[in-house]
Amino acid sequence: MRIWMRKRIISVLLIFVMILPYAVVATGTTTTDDLKSAQNKKSSLEKQIEDTKAQVNQLAKDSTDIESYIKSIDLKMAQVDSSINDLNIQIDNKQVQIKENQAALEQAKIESVEQYASMKLRIQYMYEHESESYIEIMLAAKDMGDMLNKAEYINKITDYDREMLVKYAETEQMIQDTQVALQNEQTELEDSMASVEAQKSSMKLVQDAKAVELKKLSEKVSQANANATQLQNDKKKQEAEITAMEATIKAAEAAAKASGGPAMNYDGGKFLWPVPNSHRITSYFGEMEDRSVSHNGLDIGAATSGVSGDKIVAAYDGVVTIAAYSTSAGNWIWINHGDGLYTVYMHNSQMLVAVGAKVTKGQVIALMGNTGNSTGAHLHFGVRVDGVFVNPLGPKYLSN
Ligand SMILES: [Zn+2]
């Protein structure tokens, strides 16, 4: 398992490290793999962009639904307002009627009192002047018939007073009854008003709640749009990385050719498990669960779930060709083992080796972390052969 490298190649590679803004270095046949990986990430981003667009459309539809619901409540509230208006007019009319009736009642009382007073006066007058008036009236009669008429007339005067008294009392009672009826009607109208107003305020509550919901939705729409923009930017960045990688590959291939072929040879030896203190596999090679593309490596969880810092060791002897940060892979390390064989270590919290470093099997190269597109401390361990990711648990690599 001896590995050797020509010094000239190292110096050519180091020049690339210094020239490029990120630490990507390739030897011979290899970095076309990185290009494919970058293109895969780009496809994945394009799918995410499509998903986000669909999400924005759905949110916009939800907003429209709520808006039309709020409008329909507006219409109902306008109807309630018109009922309130009608009731107000009816109550006003009722109050006018009550006032008029009140005035009529007062008038009737006055008339009744006056009638009573004048009747008392007439009775008193007749009593005081009975001898003269009664006798005079009788004696002034022309004949017997006239006298009878006059006697009847005198009786009628008292009958008239009695009838008037009864009539006034009845009128007063009738007006009082009307007053009670009118007041009952007013109370009924006021009850209707209270119930319509309660209806209106409960509608207002529903409408306010819907408005809050609409506001939240519009915030979600803005958030989704921001996400879409972010994804578009990520995609552009990814495209720029691909372009840069293409240039790197070309230059590295030319350099390798000039130096006379591949720099290293893989002797076929077995790999070492890359996380000495954890053998907990959290996702296997080829799994599709929660992914848009097939999982191209093996995920190994932290010794203590969620806690970063477990030591990560080189699976085999080799040379570090990438030790950089990427938005998806986080802090990632590529080790070249020669003959087109690479191992990849993603999401590290810390990287302990630099590009160009010669590492030996079992050497600590990084600490486990949760950087890049990762949901919990883990190592994503990848094995690439001739530009294709293969199952790290396959024969020759990690299997027994
Ligand atoms: Zn993974």
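Analyst: Leu-148 is exposed, because its relative accessible area is 57% and exposed means over 50%, with buried being under 20% and partly exposed in between (1.4 Å probe, protein chains only). The model is a predicted one, in which local features need pLDDT of at least 70 and side-chain atom pairs count only at pLDDT 80 or more, whereas totals for chains, interfaces and linings use all residues. Residues are numbered from 1 along each chain as its sequence is written, and side-chain values use heavy atoms, with hydrogens and water left out.

Leu-148 belongs to helix H4, which covers residues 144-259; helices (H or I, at least four residues) and strands (E, at least two) are DSSP runs, numbered from the N terminus. Together with Met-144 and Met-147, Leu-148 makes a nonpolar surface patch of about 320 Å². Such patches are made of residues with over 30% relative accessible area and no salt bridge, where nonpolar side chains (Val, Leu, Ile, Met, Phe, Trp, Tyr) are joined within 5 Å and like charges within 9 Å. The accessible areas come from the Shrake-Rupley method with a 1.4 Å probe, and for residues only the protein chains shown count as cover.

The whole structure holds eight of them. In one, Lys-204 and Asp-208 meet at 2.9 Å, N to O, and because these two residues are four apart in helix H4, about one helical turn separates them. Lys-204 is partly exposed at 39% relative accessible area, and Asp-208 is likewise partly exposed at 36%. In another, the closest N and O atoms of Glu-219 and Lys-215 are 3.4 Å apart, and both residues lie in helix H4, four residues from each other, or about one turn of the helix. Here Glu-219 is partly exposed at 45%, whereas Lys-215 is exposed at 55%. Asp-51 is partly exposed at 42%, and Lys-47 is partly exposed at 41%.

Charged side chains also meet rings. The charged end of Lys-210 sits over the ring of Tyr-69, 4.9 Å from its centre, and Arg-384 lies over the face of Phe-389, 4.2 Å from the ring centre. A charge sits over a ring if NZ of Lys or CZ of Arg is within 6 Å of the ring centre and within 35 degrees of the ring normal.

Rings of Phe, Tyr and Trp (its six-membered ring) pair if their centres lie within 6.5 Å, planes under 30 degrees apart counting as stacked, over 60 as edge-to-face and the rest as tilted. By this rule there are eight aromatic pairs. Among them, Tyr-266 and Tyr-316 are edge-to-face, with 5.4 Å between centres and 75 degrees between planes. This pair links distant parts of the chain, Tyr-266 being in the loop between H4 and strand S1 (281-283) and Tyr-316, 50 residues apart from it, in the loop between strand S3 (311-313) and strand S4 (318-326). Both Tyr-266 and Tyr-316 are buried. Trp-334 and Tyr-342 also form an edge-to-face pair, because their ring centres are 5.6 Å apart and their planes at 75 degrees. Trp-334 is buried at 0% relative accessible area, and Tyr-342 is buried at 2%.

The zinc ion has as its protein donors His-295 (NE2), Asp-299 (OD) and His-380 (ND1), which lie 2.0 to 2.2 Å from it. Donors are N, O and S atoms within 2.8 Å of the metal (3.2 Å for Na, K and Ca), and water is not among the atoms, so sites may look incomplete. Along the chain the donors follow the spacing H-x3-D-x80-H, and both His-295 and Asp-299 are buried.

Terms used:
A salt bridge is a side-chain nitrogen of Lys or Arg within 4 Å of a carboxyl oxygen of Asp or Glu.
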